[in-house]
Amino acid sequence: MTVVTVDIADRPYDIHVEAGLLGDIARHIAPYSRSGRLLVVTDDNVAKHVWPEVLGALTRANIGAEVFVLPAGEAGKSWGQLEKLTDWLLEHHIERSDHIIALGGGVVGDITGFAAHVVKRGCSFIQVPTTLLAQVDSSVGGKTAINSSAGKNLVGAFHQPSLVLIDPDVLVTLPTRQLAAGFAEVIKYGLIDDADFFSWCEDNLDAFFAGNAAAREYAIVHSVQSKARIVAADEKELNGTRALLNLGHTFGHALEADTGFSDRLFHGEAVAAGMALAFRYSVRLGLCTVGDADRVSALLERAGLPASLAEADVTANGAQLVEYMLHDKKMSGGTLPFLLASGIGQSFLSKDVVLGDVASFLDAEAQS
Ligand SMILES: NC(=O)c1ccc[n+]([C@@H]2O[C@H](COP(=O)([O-])OP(=O)(O)OC[C@H]3O[C@@H](n4cnc5c(N)ncnc54)[C@H](O)[C@@H]3O)[C@@H](O)[C@H]2O)c1
Ligand SMILES: [Zn+2]
């Protein structure tokens with residue numbers, strides 16, 4: 001087992017990564033159950049594929065569990081579901097000392113974390129992520145949110161979990177397209193500041209997708225180490241360090257908006273195309289070599305991810321895409337900070353990007 005600590009000032013917490021962990025989850029979780037019972041939140045796919053194993057492990061350890069099942073997918077992160085979930089927690093007499101268990105992907109983790117933040121003015125929660133995206137990204141760092149009619153993740157809070165439990169084996173039932181979407185965020189850590197890890201991804205991509213246990217565990221551990229380091233340096237995205245995690249996300253957000261935040265383009269797929277665009281835009285600005293941008297696209301495409309507007313099936317023109325970027329919550333003070341790169345593993349935040357130029361770049365991309 002590998003333990004990574006997220007070293008946040010007054011409330012550090014651990015991430016445990018171990019193949020087979022779920023079969024033995026009671027050992028990790030027993031200290032957090034009050035009078036021998038736990039409140040668990042999941043979604044209907046995870047309830048089918050993962051919950052039976054977890055329930056079996058808890059039952060063997062004489063820990064009782066009540067479970068709240070959300071509808072799978074982005075619709076689970078709504079005001080309506082938040083109301084149902086908080087009512088359910090209160091009906092089950094949740095107390096501030098309780099730890100709610102979030103068993104699922106980013107949707108379950110985000111709404112459970114937010115519910116934990118608001119119910120009884122703040123309870124604790126434990127993340128048990130079951131998608132690759134949640135394991136390497138959303139379960140760590142304490143961003144929680146639901147969607148509102150104005151957009152995605154616009155209502156939320158910073159609320160760190162008390163513990164993160166990751167079992168790489170849980171990915172066996174995850175559809176390959178979801179696995180690839182999560183892998184985009186794995187590649188992102190290499191692109192931000194870790195060229196050696198990017199090379200590792202090139203060398204081990206096939207083993208990872210073939211289900212090689214060592215490759216999967218390494219990719220997850222390395223990713224959470226990167227995320228933990230960045231979050232510890234800038235928990236609330238105030239000094240620019242945490243903003244590096246948004247590499248590919250400004251372009252990606254526009255692509256997601258254009259495809260209606262739907263299953264047409266998963267978040268990780270939009271981020272993949274967004275990272276390829278960020279690198280090619282950096283080439284256009286004379287910051288980065290064509291060779292590096294080509295390496296990025298080649299690796300993404302090997303993972304089955306889109307690396308261009310056409311591959312992401314986006315037909316909007318540059319002006320429309322820039323308009324979507326302006327509605328992104330990451331905009332501050334009327335300017336749009338952009339993540340650019342001077343090479344693989346050399347990303348940086350730029351505040352001098354000219355949006356008209358981004359629009360003409362995207363028009364040129366659409367024609368290439
Ligand atoms: N808080 C953060 O820092 C952060 C970071 C990135 C993304 N997010 C959020 O995370 C969400 C996306 O997360 P996601 O990609 O995990 O999506 P998700 O939670 O919708 O899960 C994807 C699909 O996989 C299914 N699933 C989950 N685990 C499975 C398993 N082991 N086997 C089979 N099916 C399984 C789910 O039911 C769902 O249908 C978005 O809402 C996004 O905004 C949050
Ligand atoms: Zn992301």
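**Reading the predicted model**

Q: Where is the place of Lys 120?
A: Lys 120 belongs to the loop between α5 and β6 (124-129); helices (H or I, at least four residues) and strands (E, at least two) are DSSP runs, numbered from the N terminus. This is a predicted model, in which local features need pLDDT of at least 70 and side-chain atom pairs count only at pLDDT 80 or more, while totals for chains, interfaces and linings use all residues. Residues are numbered from 1 along each chain as its sequence is written, with chains lettered from A and ligands numbered from 1 in the order in which they are written.

Q: Is Lys 120 buried, exposed or partly exposed?
A: A residue is buried if 20 or more other C-beta atoms lie within 10 Å of its own, exposed if 12 or fewer, and partly exposed in between, with C-beta atoms placed from the backbone. Lys 120 has 14 other C-beta atoms within 10 Å and is therefore partly exposed. Although Lys 120 is not a glycine, its phi is positive, about 50°.

Q: What is the phi of His 93, and where is His 93 found?
A: Phi of His 93 is near 55°, a positive value in a residue other than glycine. His 93 is part of the loop between α4 (79-91) and β5. With 9 other C-beta atoms within 10 Å, His 93 is exposed.

Q: Which residues of helix α3 are buried?
A: An α-helix has 3.6 residues a turn, so residues three or four places apart point the same way. In α3 (residues 51-60) the buried residues are Trp 51, Val 54 and Leu 58. Seen down the axis of α3, they fall within an arc of 65°, so they line one face of the helix; the arc is that of the directions from the helix axis to the C-beta atoms. The face turned away from the buried side of α3 carries the exposed residues Pro 52, Thr 59 and Arg 60. Among the elements covering the buried residues are α1 (25-29), β3 (37-43) and β5 (99-104).

Q: Which residues of the largest nonpolar core touch the most other members?
A: A nonpolar core is a set of buried Ala, Val, Leu, Ile, Met, Phe, Trp, Tyr and Cys residues joined through C-beta atoms within 7 Å. The largest one holds 112 residues, of which Val 41, Ile 101, Leu 103 and Leu 300 touch the most other members. Domain 1 (2-173) and domain 2 (176-367) both give residues to this core, so it lies between them; the domain bounds come from an automatic or database domain assignment.

Q: How many residues of domain 1 are in contact with domain 2?
A: Two residues are in contact if their C-beta atoms, placed from the backbone, lie within 7 Å. By this criterion, 25 residues of domain 1 are in contact with 25 residues of domain 2. The largest share of the side of domain 1 that touches domain 2, five residues, comes from α6. The C-alpha centres of domain 1 and domain 2 lie 26 Å apart.

Q: How many residues surround ligand 1?
A: A residue is near a molecule if its C-beta atom, placed from the backbone, lies within 6 Å of it. Here 30 residues surround ligand 1, and the closest are Asn 45, Gly 105, Gly 106, Thr 131 and Ser 138. The elements giving two or more residues to this shell are α2 (44-49), α5 (106-118), α6 and β8.
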